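Subject: A structure for you to look at

Hello,

Here is the structure I promised to pass on. Have a look at it first, and then read my notes below.

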Amino acid sequence: FKQIEQWASDRNLIEGATRQAQFMKLAEELGEVAECLAKGLPLDELKKEIGDMIVVLTILAAQSGTDVEACAVAAYDKIKHRTGRMVDGVFIKDGD
C-alpha cells in the first residue's frame, strides 16, 4: 500500500485531485469488475480489476488523511461480532 501511495504521490494524484473525482474513478473500476463477472472473464482479468479498485481506495484514503489498512481495521472492528444468516445467497444481519 505504501508503494501505491508513493506512486500516486509522484503523479500528484493525492494532493492534485479531489476525493469526488477519485470516487468517480472507483465507480468506473466497479463497473469493470462487474463486466468481468458478467462476461465470465478469466481470473487474471478479475484480479486486475479488483486490484484497480484497491489502488483507487488507497488513493482515496490518503486524500482523506488515513490509509487503506486503517480503513480495513475499522471495517473489521465494525463487523467482527456481527451475526446473521445466508438467505438465497445474501447475508442478512441479525436485527435487519
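Which residue in β2 does M86 stand opposite? M86 stands opposite F91.

Before the rest, a word on the basis of these notes. This is a predicted model, in which local features need pLDDT of at least 70 and side-chain atom pairs count only at pLDDT 80 or more, while totals for chains, interfaces and linings use all residues. Residues are numbered from 1 along each chain as its sequence is written, and side-chain values use heavy atoms, with hydrogens and water left out.

Now the overall picture. The protein chain has four helices and two strands, in the order α-α-α-α-β-β from the N terminus on. Both kinds of element are DSSP runs numbered from the N terminus, helices being H or I with at least four residues and strands E with at least two. The radius of gyration of the protein chain is 16 Å, whereas a compact globule of 96 residues would be near 12 Å; the value is taken over C-alpha atoms, and the globule rule is 2.2 Å times the number of residues to the power 0.38. The C-alpha atoms fill a box of roughly 45 × 35 × 20 Å along the principal axes. Of the 96 residues, 20% are buried (under 20% relative accessible area, with exposed over 50% and partly exposed in between, using a 1.4 Å probe and protein chains only).

Back to the two strands. Strand β1 (residues 84-87) and strand β2 (residues 90-93) pair in the antiparallel sense over four bridges; pairing requires that DSSP finds at least two bridges between the strands. β1 and β2 form a hairpin with two residues between them, and D88 in the turn has a positive phi of about 50 degrees.

Two helices are worth a visit next. Q22 lies in helix α2 (residues 19-39), and L60 is found in helix α3 (residues 43-63). Q22 is buried, with a relative accessible area of 8%, and L60 also counts as buried, at 18%. Leaving aside neighbours within four places in sequence, Q22 is in contact (heavy atoms within 4.5 Å) with V56, I59, L60 and Q63. On the same terms, L60 is in contact with R19 and Q22. The C-alpha atoms of L60 and A38 are separated by 27 Å, and these residues are 22 apart along the chain.

Best wishes
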